[in-house]
Structures are given as structure tokens and as C-alpha cells.
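Subject: Structure for you to look at

Dear colleague,

Here is the structure I promised to pass on, with my notes below it.

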Amino acid sequence: MMTNPIAPKTAHLAGPGLLAGVLALLAALLLTLALAAPAMAQTVRPPANATTNVLPPGPEMRGGVLGNRSDGAIWHDIRKGAAGESQDLRAGSGVLIQSQGEDWRLIRNQWVLPIAWKVLAGVLAVLIVFFALRGRIRIRGGRSGRVIPRFSLVERVVHWFVASLFILMGITGLIILFGRPFLLPLIGPGAFAALASASLQGHNLFGPIFIVSITALFVTFARGNGFRWVDLKWLLKGGGMLGGHASSGRYNFGEKTWFWWASLCGLALSLSGLLLLFPDHLPGFLQTASAEVPPERTLMQWATLVHAVAAAAFIGFGLGHIYLGTIGMEGALEGMTRGTVDETWAKEHHDLWYEDHKAAASANASRAEVRAAAGDV
Amino acid sequence: MSFLQLTQGPLWYLASAVFVIGVAWRLIGLLRLGRGPDRSVARRSGVAGALKAIALHSVPHGGNLKRTIYHFVTGYGFHLGLFTLLFFAAPHVAFIKGLTGLSWTPLPRWGFLIAAEAAFAGLILMWLRRMTDPVMRRLSDADDHIATWLVFIVMLTGCLALQEAHDSLRALHLLCVEALMIYFPFSRLMHAFTFLVARAYTGATYGRRGVTP
């Protein structure tokens with residue numbers, strides 16, 4: 001991901017020390033202005049015989065010996081992205097300063113990054129508070145000692161394949177995205193340079209495998225994840241949190257939302273990631289002519305923003321999924337590790353699915369596990 | 001002595017010595033076991049049986065393609081990717097040249113990436129199968145998991161050092177490689193050397209009796 005090495009620190013990262021420094025600087029500036037004001041008032045008026053139309057000293061004007069534009073005007077145009085002439089005939093080669101890049105940098109550093117880390121930190125905080133208040137969601141009726149096959153071997157392999165890559169891509173991506181403001185001050189420039197380089201190489205390498213895995217996830221789990229009326233009822237009951245039993249089929253509203261959320265974020269991450277990996281191999285319809293900004297640069301700028309937003313959305317929701325799938329709910333994880341779930345768990349959380357599959361419940365856990373692996377779910 | 005110098009110097013020679021001596025010790029030990037006397041009349045050639053077994057056991061056969069397609073694809077993806085990286089990745093070719101003076105044309109970057117993708121995907125998928133399949137999980141022991149994770153970490157640190165701009169990443173990769181080399185002779189990773197011998201032995205034994213294994 002592109003970063004500007006001279007980018008100023010954004011306001012959200014400044015601590016109280018910086019704020020105090022800025023206030024002190026402001027006070028000093030006001031004091032200086034106040035003291036200097038009488039003297040300035042006496043010196044700004046030019047003498048009566050002053051010449052006012054002489055060009056300031058500097059290099060020869062462009063466009064003629066006498067010239068008709070000042071250096072300031074020329075630099076103003078350059079700053080606004082005016083194109084000059086270059087031996088390099090590729091689009092954008094004549095542009096000295098591309099203002100669009102500054103816009104991109106400001107959006108990334110002052111909007112996307114602060115919002116993204118606040119969202120992720122907020123989700124983590126909510127989960128911690130929820131766990132502290134609610135504790136682990138137990139199987140109310142206790143374990144029955146009988147299990148039902150729930151996820152086939154293919155489903156579990158695909159799930160953990162995505163999960164493995166989610167972790168690899170997530171850690172390396174977060175280092176790339178937030179490393180500069182958070183890690184650089186902690187570990188110093190040398191260690192951070194190595195870490196950032198390693199993260200970038202790893203992220204780029206695992207990206208294509210992630211695309212394959214998320215595609216496999218969609219194909220494997222699409223069936224059964226369409227929304228139904230029962231999901232609306234489940235939502236209105238807050239999944240059972242608001243009191244009363246919330247019925248659901250094989251997947252409840254939250255799981256279905258997670259599936260579609262992950263699929264859409266995965267699609268956005270995949271497309272933007274491909275643009276970032278292969279900017280020089282854009283398809284023909286994207287190769288629009290532009291004298292000022294090469295199309296691949298515009299697309300890369302958009303792609304980095306889309307990539308960051310989609311990643312934060314994916315990881316944020318993913319944290320909730322990981323929480324509920326592990327420490328948040330008793331009996332949930334074994335569905336994805338062993339392929340079977342406890343009968344009481346199935347009744348309490350997926351009663352409609354349980355009604356269709358209760359004949360498969362067995363006290364022989366090993367046999368149920370083999371049946372699940374064989375796809376008899 | 002810097003961390004890099006340590007991993008390129010003393011640790012490298014130590015790991016190499018353990019690897020070479022350990023592998024030789026294991027192979028010589030296997031060969032010294034010899035084979036029991038077979039007094040039956042040979043019905044077919046043992047050599048032909050050995051070659052047939054090596055070839056047949058390298059691809060799905062006997063109608064078990066559906067059952068083994070997963071391991072076939074992921075296994076070949078991983079092994080071909082790994083050995084392509086080991087012998088043809090540009091940094092490895094340069095390293096081997098520095099050690100032996102021998103050199104050959106390295107892979108272009110796109111070739112490296114394809115090999116690495118195949119190796120990583122294959123290894124991850126094989127390990128996931130080991131963890132999720134109820135039978136394979138019970139058959140697996142610590143050695144299987146340690147070997148898998150060591151290979152994964154070696155591949156990972158190698159790819160993280162791909163930019164070749166930081167000594168610390170190179171040293172980390174070397175350290176992991178050395179750990180793998182020391183572990184190698186005492187683990188099932190030895191199958192890299194023994195799989196041909198084992199298949200040939202079985203094939204020759206059965207082939208001599210006129211049976212296709």
C-alpha cells in the first residue's frame with residue numbers, strides 16, 4: 001500500500017503534549033504579532049517614488065524574453081497539476097505535481113485511517129465489555145451427550161483455509177495500514193522498516209491465495225444463506241437476547257449477514273487488491289486517455305482507499321464472528337473443528353434445522369464425526 | 001558477530017553437519033537392515049516391480065482417484081512448489097553459487113510467485129485436512145505437526161525476506177532453515193530421501209512374486 005513518507009501526523013494521533021505545544025506556539029505568535037504590529041504599520045506603505053510594476057528577480061520567464069507570467073503564477077499552475085512537456089510520452093509524465101495525490105493522501109490519513117482504527121478498537125472494546133457483563137453464553141439445558149453432524153469436511157477445510165489467510169492477510173495488512181502511526185514510535189525506524197517490508201511481501205504473496213479461498217467460501221456456503229422471513233423474526237427478538245426463543249434454520253440472521261458481509265468485503269478486497277498488485281496490466285476498458293493523471297494511478301489511489309475500508313469492515317465484523325465462535329458461546333467451535341454439535345446446542349440455537357436433523361443425533365461421537373466428514377450433514 | 005554472521009557462519013555449518021551426518025546415518029541404518037531371504041521361485045523381475053511401484057504410487061490408480069484427488073492435488077502443489085523454490089528461486093541460486101560455485105538460471109519473479117502460491121496453498125490445505133479429518137487427526141502425532149509448521153515457517157520467513165533489503169529478515173530465514181535442517185534427520189521429513197527406497201523395496205518384493213502392489 002502506498003504511503004507518503006513526509007506525511008504529517010494527523011490530528012487524531014496527537015497527544016495532549018502536542019496540543020499544549022500548539023497552544024504555546026499560538027500564544028507566542030500572538031505575542032510577537034502584538035509587539036510587532038506598530039512597527040509593521042509604519043513600514044508596509046511604499047515610498048511615493050516606488051516603482052510598482054517591476055518583475056521580481058529570478059530566472060528567465062517561460063514563453064519569451066520579457067515574459068508575461070511571474071514565477072509565482074507558474075508554480076501556482078504546477079501546484080494545480082498543469083502539464084508541461086516531457087521526453088517521456090506516457091500519460092502524466094509532464095505533470096510535476098499531481099494534486100490528486102495530495103487529495104488522496106488527505107482522505108487516507110485524515111479520514112480512512114482514523115475512522116478505521118476507531119471502528120476496530122470500538123468493536124474490540126464492545127466485545128470485551130459484553131464478555132465482562134454477559135460472560136460466556138452457556139448451553140442452558142446442559143450438554144446432552146449426543147451430537148449431530150453439522151459441517152462436512154469440505155465446509156470445514158474451506159472455512160479454516162479462509163480463516164488462515166484472514167489471519168495472515170489481516171496481521172500484515174494492519175501493519176501496513178497502521179504501522180507508521182502506532183508501531184514506528186514503539187520499535188524505531190530500523191525494525192519498522194524490516195517489519196513493513198516483510199508485511200508487504202507477505203501480504204502481496206498471500207493475496208492471490210486469499211482470492212481463491214474466499215471464492216471457495218462463497219461457493220461452499222452460499223446454499224442455505226439466503227434470507228427468509230424467520231430471519232426477520234430472529235432479528236426482532238435480538239437473536240434471543242431480548243427475551244424469548246429466536247428460531248432459526250441452519251444459519252441464523254447474524255450468520256447469514258456475516259456470510260454476505262464477508263463475501264462483499266472479499267470481493268472488494270479482491271478487486272482492489274488485484275488493481276494494486278497489477279497496476280500495469282489493466283483491462284482495456286480502464287485504459288482511458290488522460291494527459292494529466294495516468295489511469296492506473298487514479299485507480300490505485302481509489303483501490304487503496306476501497307481496500308482499507310473493506311479490510312476494516314471485514315476485520316471488524318470478523319472479530320465479532322471469532323468471538324462468538326470461540327470464547328463467546330459454548331458449543332459453537334466444535335461444529336467447525338469436529339464437524340458435530342451437541343444436540344441441546346442445536347435445539348437452542350438452530351431449532352428449525354434441528355427438527356430436520358434430529359434423527360441423525362448419536363451418542364457415538366466418533367461415528368457422528370465420521371458421518372460429518374463424509375458430508376452427511 | 002552480528003546475528004546475520006552467526007546464522008551464515010557457525011550455525012550454518014553446525015546445521016549442515018547435523019543434516020548430512022544425520023541423513024547418512026538414517027539411510028545407512030536402513031540399508032543395513034537388508035532383506036530377508038526369499039526362497040520362492042521368482043515369477044517376475046523384482047527390478048520391474050520396483051519401477052512399476054514407484055510410477056504407480058506417484059499417481060492415483062486402481063480406481064481411487066476420487067478418494068485421493070485432494071491429497072494428489074494439494075500434495076503435488078506443495079512439493080513441486082517447494083522444490084521449485086528451493087532450487088530455482090533467485091536468492092537460493094545465488095546462495096548455492098556462493099557455497100559451491102555452481103549456478104543455473106533462476107526463475108523469473110512471476111515463476112517464483114506461482115511456485116510460492118502453489119506451495120503455500122498446498123501445505124495449508126494438507127495440514128487443514130490433517131486437522132479436520134477424524135481419521136487423519138487420530139493418526140497424526142507431534143512429529144507431523146512440528147514438521148509441517150517448521151516447513152511453513154521456513155517458507156514464510158523466506159517469502160517475507162523477498163525484498164532482500166534487510167539483514168534481519170535474511171538472518172531470521174536462515175535461522176529457521178537451520179532449525180529445520182537439524183530436525184530433518186530425526187523426523188518423517190526423511191521421507192524426502194526414503195520414499196523412493198521404500199516404494200522400490202515394496203515393489204521389488206511384490207514384483208518378484210508376480211503381484212502388482
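How many helices and how many strands are there in chain A? Bearing in mind that this is a predicted model, chain A has eleven helices and two strands, and along the sequence these elements follow the pattern α-α-α-β-α-α-α-α-α-β-α-α-α. Of the 377 residues in chain A, 26% count as buried, and among its contacts with a separation of 6 or more, 74% are between residues 24 or more positions apart.

Chain B, by contrast, contains ten helices and zero strands, so that reading from the N terminus gives α-α-α-α-α-α-α-α-α-α. The C-alpha trace of chain B spans about 65 × 40 × 35 Å along its principal axes, and buried residues account for 28% of the 213 residues in the chain. When contacts in chain B between residues at least 6 apart in sequence are considered, 74% of them join residues at least 24 apart.

The UniProt record, an unreviewed entry, carries the annotation "transmembrane region" for residues 12–34, 69–90, 110–128 and 146–163 of chain B. Residues 12–34 of chain B are 91% helix and 0% strand, with their end C-alpha atoms 34 Å apart, while residues 69–90 of chain B are 95% helix and 0% strand, with their end C-alpha atoms 32 Å apart.

Turning to where the chains meet, 20 residues of chain B are in contact with 19 residues of chain A. On the side of chain B that touches chain A, at least two residues each are supplied by α6 (109–132), α8 (142–160) and α9 (167–183) of chain B, and the largest share, ten residues, comes from α6(B). Sorted by class, this side of chain B has 13 nonpolar, four polar and three charged residues.

One residue deserves a separate look, namely E164(B), which is found in the loop between α8 and α9 of chain B. Phi of E164(B) is near 55°, a positive value in a residue other than glycine. Most residues other than glycine have a negative phi.

With best wishes

Terms used:
Residues numbered from 1 in each chain as written. Chains lettered and ligands numbered in written order. Predicted model: local features only at pLDDT ≥ 70, side-chain atom pairs only at ≥ 80, totals over all residues. UniProt positions renumbered as here; feature names shortened; annotations may be inferred. Helix = DSSP H or I, 4+ residues; strand = E, 2+ residues; numbered from the N terminus. Buried ≥ 20, exposed ≤ 12 C-beta atoms within 10 Å, placed from the backbone. Contact = placed C-beta atoms within 7 Å. Nonpolar A, V, L, I, M, F, W, Y, C, P; charged D, E, K, R; others polar.
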